[in-house]
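Q: I would like to learn how to read the features of a model such as this one. Please go through them one at a time.

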Amino acid sequence: MIIYRGMRTLNQLTNEATEKLSPFKDLTSEQERLVNSIIKFAAKHIKEDFPAIYTIYGDAGTGKSVVLSNLFERIQKAARQDPHSPFFKTKNYFLVNHPEILKVYREIAGSIKELYKKDFTRPTSLINQLDKRQEKIDIAVIDEAHLLLSKADHYNNFYHDNQLVEIIKRAKVVILVFDQYQVLRMKSLWTPKRLEKITHQYPHRDYYLHHQFRMTASDNLIDWFNHFTDQFKLTPFPTDSRQNYDFRVYDDAEEMRQEIVKRNNEVGLSRILSTSGYPSTLDGGKHYIKEGRFSLPWDQYNYTVTPWAELPQTINEVGSIYTCQGFDLNYTGIIIGPPISQIPGTQKLQINLDKYTDSEAFKKRDDLTDPKEIKALEERMIMNSLNVLFKRGVYGTYIYAHDPLLRSSLVQLFKKAGLNY
């Protein structure tokens, strides 16, 4: 059974990320008020001699990027066309550290007169360019601010201590969106407290988005996903888990893959995703994930301008947080990898740090020395990565767990809730 929101048909499904992040997408009344509030805030502070910061907080799927896309188009239209606007002839940039999302914004810019592709860039590139030219800018809009570097990263040519601090030094107004549950690497370590220690030094305003726009799942199922990753604990599935949503639990990863292929053939934009935790076993130059009969390679580096999930051939790959974060998928098949298992005799989950294979995630920081704090942060990042995966599927989410006990428990909980497909 395939489930769609309301009366939406196959032909009405929009799979292009450019459409979903379009600045001309209709806003809700709350989003419209928020954009107007930010514009008023920016207009007030753009003539000041000190920076001001507007922070939008929100979980995955709460419409943060849509707000920024609409906002930036309005600002740039005023900057380039309206001599009566306080933004006229201002220099403004849209920053994002995610290369796949950056591709989407640049593609959008190519079709809109008021937006230039050069308006969209990565933070390090802008910081280094401004330093080279000894210039500053007026407004910096930052999408996915939880991906900003909070320590030097010489590999990426960032030689300062904190990207947000450096952007604030070079802009009059900074507007950013932030989700603490999408912090995935030590070099981009952020918490609300760490963020506010910086942003609250200046004139600032904070706003919280709560409504879930991406997923058609019930609030109870979304709460279950959050409880799983926040509390490290198994709880019964809500009885409305399949109400207007195609939620499934599998004890066979290959069977799950076959169903995702069927969804992809029917509506497109359906993919297998996985947490880290699979040792490198190179086979023909590719790194494979194997679960019983299931065997697919990890996502390959995407050299094209098209986002990974929109490439037809990636139905034969396994996506990671690095290719799917920030994007909508119609259906997802999620593999909960070896780092997450169930403690025998309990409903509690444990994090097996020794089984996490993303070597880039946990590099040491000079400002972290307490082993307990480091362990807790690393565990949180692993669960954050799973939460990111949980929040991708618009119309359906299928899950499979590597750990035999956890897999069995999930299947039993699914049956006890009276759920079937």
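This is a predicted model: local features need pLDDT of at least 70, side-chain atom pairs count only at pLDDT 80 or more; totals for chains, interfaces and linings use all residues.

**Reading the model feature by feature**

A: Both Phe94 and Phe120 are buried.

Q: How is the aromatic pair of Phe94 and Phe120 described?
A: A pair of aromatic rings is described by the distance of the centres and the angle of the planes. For Phe94 and Phe120 the centres are 5.1 Å apart and the planes make 40°, a tilted pair. Phe94 belongs to strand S2 (residues 92–95) and Phe120 to strand S3 (residues 120–121); the two are 26 residues apart, and their pair links distant parts of the chain.

Q: Which class does the pair of Tyr250 and Tyr398 belong to?
A: The planes of Tyr250 and Tyr398 stand at 55° with the ring centres 5.7 Å apart, so this pair is tilted. Tyr250 sits in the loop between strand S7 (246–249) and helix H9 (253–267), while Tyr398 is in strand S16 (residues 393–401), 148 residues apart, and the pair again links distant parts of the chain. Both tyrosines, Tyr250 and Tyr398, are buried.

Q: How many aromatic pairs does the structure hold, and which residues form one aromatic cluster?
A: There are 23 aromatic pairs in the structure. One cluster is formed by Trp224, Phe225, Phe228, Phe237, Phe247, Tyr250, Tyr331, Phe390, Tyr395, Tyr398, Phe414 and Tyr421.

Q: Where does phi of a residue other than glycine take a positive value?
A: Most residues other than glycine have a negative phi, and most peptide bonds are trans. In this model Leu269 has a positive phi near 50°, and Phe232, also not a glycine, has a positive phi of about 55°. Leu269 is placed in the loop between H9 and strand S8 (270–274). Phe232 is placed in the loop between helix H8 (219–231) and S7.

Q: Is Phe232 buried or exposed?
A: The cut-off for buried is under 20% relative accessible area. Phe232 has 18% relative accessibility and therefore counts as buried. Leu269, at 7%, counts as buried too.

Q: Which residues of H2 are buried, and why are they on the same side?
A: The buried residues are Gln31, Leu34, Val35, Ile38, Phe41, Ala42 and His45. They cover an arc of only 125° around the axis, and therefore lie on the same side of H2. Exposed residues on the other side of H2 are Ser29, Arg33, Lys40 and Lys44.

Q: What covers the buried residues of H2?
A: The cover includes helix H3 (64–81) and the strands S1 (52–58), S4 (137–142), S5 (171–178) and S6 (204–209).

Q: Where is Ala217 found, and what does Ala217 touch?
A: Ala217 is in the loop between S6 and H8. Its 8% relative accessibility makes Ala217 count as buried. Not counting residues up to four places away in sequence, Ala217 touches Ile222 and Tyr245. Ala217 and Asp230 are 13 residues apart in sequence, and their C-alpha atoms are 19 Å apart in space.

Q: Which residues is Ser409 in contact with, leaving aside neighbours within four places in sequence?
A: These contacts of Ser409 are with Leu234 and Gln342. Ser409 lies in helix H12 (residues 404–416) and, at 15% relative accessibility, counts as buried.

Q: What radius of gyration does the chain have?
A: A compact globule of 421 residues would have a value near 22 Å; the chain has 22 Å, which agrees. The C-alpha trace spans about 65 × 55 × 40 Å along its principal axes.

Q: What does the secondary structure of the chain come to, and what share of the residues is buried?
A: The chain has twelve helices and 16 strands. Of its 421 residues, 58% are buried. Among contacts between residues at least 6 apart in sequence, 76% join residues at least 24 apart. The accessible surface comes to about 18,900 Å², and 49% of this belongs to carbon and sulfur atoms.

Technical notes:
Residues are numbered from 1 along each chain as its sequence is written. Side-chain values use heavy atoms; hydrogens and water are left out. Buried means under 20% relative accessible area, exposed over 50%, partly exposed in between (1.4 Å probe, protein chains only). Helices (H or I, at least four residues) and strands (E, at least two) are DSSP runs, numbered from the N terminus. The arc is that of the directions from the helix axis to the C-beta atoms. Contact means heavy atoms within 4.5 Å. The radius of gyration is taken over C-alpha atoms; the globule rule is 2.2 Å times the number of residues to the power 0.38. Accessible areas come from the Shrake-Rupley method with a 1.4 Å probe; for residues, only the protein chains shown count as cover. Rings of Phe, Tyr and Trp (its six-membered ring) pair if their centres lie within 6.5 Å; planes under 30 degrees apart count as stacked, over 60 as edge-to-face and the rest as tilted.
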